[in-house]
Amino acid sequence: DQPACAADGHPRLSLHPGATPAEAVEAQSLLMDAVLARYRAVRATHTETNLILRICTESGDLSGMAFHLSKGASLENLIPVLAYDLSQPAVRVELPEGVRIEPLTTDDAGIAAYIQADLAASEVPDSEADMRFRSGNPSFRCFVAWFGDEVIGSVSIWDMGEERGATENIFVVPAFRRQRVARALIETAFDALRERGRKVATLSVMGTNLPALKLYQDMGYRLSFNLVEMVYR
């Protein structure tokens, strides 16, 4: 599976500010029809891969959910979005011996090392296209934990307005879990966001991922709002 979703979990649709409500509805429908046509064409030529089109809407956006239901999407999962108050004091976490955290260089070698680790750590890992797309964002930075010449964990950040920053794509390979590597990576991300003047860090996590939810809440993240995952198959 390789879901596709906007970086902050929301679908992207830009309309002329002078559009009437009726024009906006028609434009949204036509644009979604074009997206679905392209998606189905790609699926038809990649039959060896289980592709899905994933859209996330805020749980209170009933009109958005109704729109996608009318287009044939299914309601799949609840995705909590958690927020961390960056005014809290920085915490220093001791890493296991031999582990170091550094910014990822997004050249071919760096991306290859990242993807190899993500494949070992995640049920739905990033693709090279995902990483190259995100690295085109000027505010994007990726921090990775290294053990020797192997990436063992990662966290990515990017700006989401003047006050909020994302802490997303967090993973640690199984052999290094429960050794505070994830905590150290996230605290590194917090430091970078504080340096940018951000006040809040947010992340999204599948509602069924109880170990991750416990970790983030133990670190001080609190529920901010929920997204509903809708899927076209």
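Contact here means heavy atoms within 4.5 Å. The model is predicted: local features need pLDDT of at least 70, side-chain atom pairs count only at pLDDT 80 or more, and totals for chains, interfaces and linings use all residues. Residues are numbered from 1 along each chain as its sequence is written, and side-chain values use heavy atoms, with hydrogens and water left out.

**View 1. Leucine 95 and its contacts.** Leucine 95 sits in the loop between β2 and β3 (99–103). Helices (H or I, at least four residues) and strands (E, at least two) are DSSP runs, numbered from the N terminus. Apart from neighbours within four places in sequence, leucine 95 is in contact with Arg100, Ile101, Val181 and Ala184. Buried means under 20% relative accessible area, exposed over 50%, and partly exposed in between (1.4 Å probe, protein chains only). Leucine 95 is partly exposed because its relative accessible area is 23%.

**View 2. Helix α1 and what covers it.** Helix α1 spans residues 21–45, 25 residues in total. Its first and last C-alpha atoms are 37 Å apart, close to the 36 Å expected at 1.5 Å a residue. That expected span is 1.5 Å times one less than the number of residues. Met32, Leu36 and Tyr39 of α1 are buried. Their cover includes β1 (53–58), α2 (62–70) and β8 (222–232).

**View 3. Aromatic rings around tyrosine 221.** The structure holds seven aromatic pairs. Rings of Phe, Tyr and Trp (its six-membered ring) pair if their centres lie within 6.5 Å; planes under 30 degrees apart count as stacked, over 60 as edge-to-face and the rest as tilted. Tyrosine 84 and tyrosine 221 make a tilted pair, because their planes meet at 55°, with ring centres 5.5 Å apart. This pair links distant parts of the chain: tyrosine 84 is in strand β2 (residues 74–85), and tyrosine 221 is in the loop between α6 (210–219) and β8, 137 residues apart. Tyrosine 84 has a relative accessible area of 2%, so it is buried. Tyrosine 221 is buried too, at 0%. Phenylalanine 190 and tyrosine 221 form another tilted pair, 5.7 Å centre to centre and 50° between the planes. Phenylalanine 190 belongs to helix α5 (residues 181–195), 31 residues from tyrosine 221. Ring pairs link Tyr84, Phe190, Tyr216 and Tyr221 into a cluster.

**View 4. Two nonpolar cores.** A nonpolar core is a set of buried Ala, Val, Leu, Ile, Met, Phe, Trp, Tyr and Cys residues joined through side-chain atoms within 4.5 Å. The largest has 46 residues. Tyr114, Phe190, Tyr216 and Tyr221 have the most contacts inside it. Elements that each supply at least two residues include β2, α3 (108–121), β5 (150–159) and α6. Helix α5 gives the most, with eight residues. A second, separate core of 14 residues includes Met32, Leu36, Leu51 and Tyr232.

View 5. Two strands pair if DSSP finds at least two bridges between them. β2 and β8 run antiparallel, joined by nine bridges. Asparagine 77 has glutamate 229 of β8 as its bridge partner. β2 also pairs with β7 in the antiparallel sense, over five bridges. Here alanine 83 stands opposite threonine 202. Threonine 202 is buried because its relative accessible area is 5%. Residues that threonine 202 touches, beyond four places in sequence, include Val81, Met160, Arg164 and Glu168.

**View 6. Strand β4 and its partners.** Five of the seven residues of β4 are buried. β3 and β4 pair antiparallel over five bridges, with proline 103 opposite phenylalanine 143. β4 and β5 pair antiparallel over seven bridges. On this side, the bridge partner of phenylalanine 143 is valine 155. β4 and β5 form a hairpin with two residues between them. Glycine 148 in the turn has a positive phi of about 65°.

View 7. The whole structure has zero disulfides, a disulfide being a pair of cysteine sulfur atoms within 2.5 Å. Cysteine 56 is buried, with a relative accessible area of 1%. Cysteine 142 is at 4%, so it counts as buried.
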